[in-house]
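Student: I would like to go through this model with you. Could we start with the charged side chains?

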Amino acid sequence: MSNSSVDISTTLASAWFPAPIFTASGCASSGKELAQFFPLKDIGAVVTKSVMNKPRHGRPTPRMAETPSGMLNSIGLQGPGIDAFLANDVPWLLSQNARVIVSIAGETVDEYAVLARKIRSTAGISAIEVNISCPNVENRGMVFAADCDTTARVIDGVRKVIGGEIPILAKLTPDVTDIVSVARSAVDAGADGLALINTVLGMVINLDTMKPHLGGRTGGLSGPAIRPVAVRAIYQVRDAFPQIPILGMGGVASGRDALELILAGASGVSVGTASFGNPTAIISVQNELRELLAQRGFTALSQAVGYAHRNGN
Ligand SMILES: Cc1cc2nc3c(=O)[nH]c(=O)nc-3n(C[C@H](O)[C@H](O)[C@H](O)COP(=O)(O)O)c2cc1C
């Protein structure tokens with residue numbers, strides 16, 4: 001079969017995308033840098049850096065460390081704030097005919113609802129990714145998605161504001177014992193889909209200073225090192241909720257990696273860390289994936305989604 005005859009379009013709840021590979025939040029800002037390398041309309045969507053209500057500076061330096069098969073970052077949620085973002089970045093992305101998934105993050109349950117209210121009045125947004133893998137200042141700095149109750153409260157607040165207008169994806173942290181129960185709380189509270197996974201919490205000690213290397217002390221581990229964690233999380237959640245669409249991410253750098261997440265249950269795949277070393281990684285992942293699907297006799301990507309679950313595996 002010719003690979004051009006494979007239908008690689010996909011859906012995440014009510015949102016349709018002509019292609020299945022997306023940027024990962026925080027790894028391509030608002031897409032301007034990547035647009036020098038390929039037309040943004042050629043990929044599924046640009047998932048923008050998590051935006052907060054007010055402008056933010058992020059965490060102290062150093063904010064990056066290389067690790068075996070990955071990297072650790074403690075950038076924090078640096079950004080312009082939602083008003084500047086909606087006024088500048090979203091119109092620019094839409095002018096490129098890109099699909100836009102806006103990632104939002106808050107320090108309180110209310111901040112998420114405030115962000116959702118501002119997004120609701122902006123036309124052209126394909127979906128909202130609710131990053132609940134960040135600290136909750138109302139509860140000892142505990143990550144929202146580490147707790148079923150706070151997960152539910154954030155998603156419920158966003159859902160009430162958004163109504164049925166824009167699909168909501170809840171982005172979960174793998175740093176929990178039972179990701180299925182957190183996913184259940186998100187879905188019961190109104191998430192249309194799930195984004196799996198955010199970075200894995202880690203730390204590097206500098207052997208010269210003999211202190212934590214990162215200014216923020218801990219950081220998020222990303223890249224190939226976390227891919228098996230992503231595959232496991234996606235597989236477990238797909239098993240529990242076969243009808244809930246998943247946007248998968250974690251260590252994807254090739255079409256083979258993306259196919260692994262898709263077979264586990266992802267309907268779309270975000271590429272993050274791989275884009276830092278190779279800005280055209282998203283395009284090559286997408287082309288390789290199309291080829292791999294054709295080689296396996298699939299005529300549509302949708303046939304491969306969750307395939308690893310069939311026949312009692
Ligand atoms: C430098 C950097 C910044 C990130 N910023 C965000 C962010 O703002 N919001 C978010 O939900 N995830 C953020 N992430 C997590 C990624 O979106 C993704 O979930 C994770 O890195 C796993 O994918 P990867 O291995 O392909 O990078 C960030 C990751 C990196 C490396």
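Student: How many salt bridges does a search of the whole structure find?
Tutor: This is a predicted model, where local features need pLDDT of at least 70, side-chain atom pairs count only at pLDDT 80 or more, and totals for chains, interfaces and linings use all residues. Residues are numbered from 1 along each chain as its sequence is written, and side-chain values use heavy atoms, with hydrogens and water left out. A salt bridge is a side-chain nitrogen of Lys or Arg within 4 Å of a carboxyl oxygen of Asp or Glu. On that basis, the search of the whole structure gives seven.

Student: Which helices hold aspartate 83 and lysine 118?
Tutor: The two side chains form a salt bridge, 3.2 Å from N to O. Helices are DSSP runs (H or I, at least four residues), as are strands (E, at least two), numbered from the N terminus. The pair ties together parts that are 35 residues apart in sequence, because aspartate 83 lies in helix H1 (residues 82-95) and lysine 118 in helix H2 (residues 109-120).

Student: Is lysine 160 buried or exposed?
Tutor: Lysine 160 meets aspartate 156 in a salt bridge at 2.7 Å, N to O. Both lie in helix H3 (residues 148-162), four residues apart, about one turn of the helix. Buried means under 20% relative accessible area, exposed over 50%, partly exposed in between (1.4 Å probe, protein chains only). At 63% relative accessibility, lysine 160 is exposed.

Student: Which residues are linked with Asp257 in a network of salt bridges?
Tutor: Aspartate 257 and arginine 227 meet at 3.4 Å, N to O. That pair links distant parts of the chain, with aspartate 257 in helix H6 (residues 255-264) and arginine 227 in helix H5 (residues 227-240), 30 residues apart. Aspartate 257 is buried, at 10% relative accessibility. The network links Asp257 with Arg227 and Glu260.

Student: Which residues is valine 143 in contact with, leaving aside neighbours within four places in sequence?
Tutor: Valine 143 sits in strand S10 (residues 142-143). Its relative accessible area is 26%, so valine 143 counts as partly exposed. Contact means heavy atoms within 4.5 Å. The residues are Ile132, Ser133, Cys134, Pro135 and Thr173.

Student: What percentage of the residues of the protein chain count as buried?
Tutor: The chain has nine helices and 18 strands. Its C-alpha trace spans about 55 × 50 × 45 Å along the principal axes. Of the 313 residues, the buried share is 55%.
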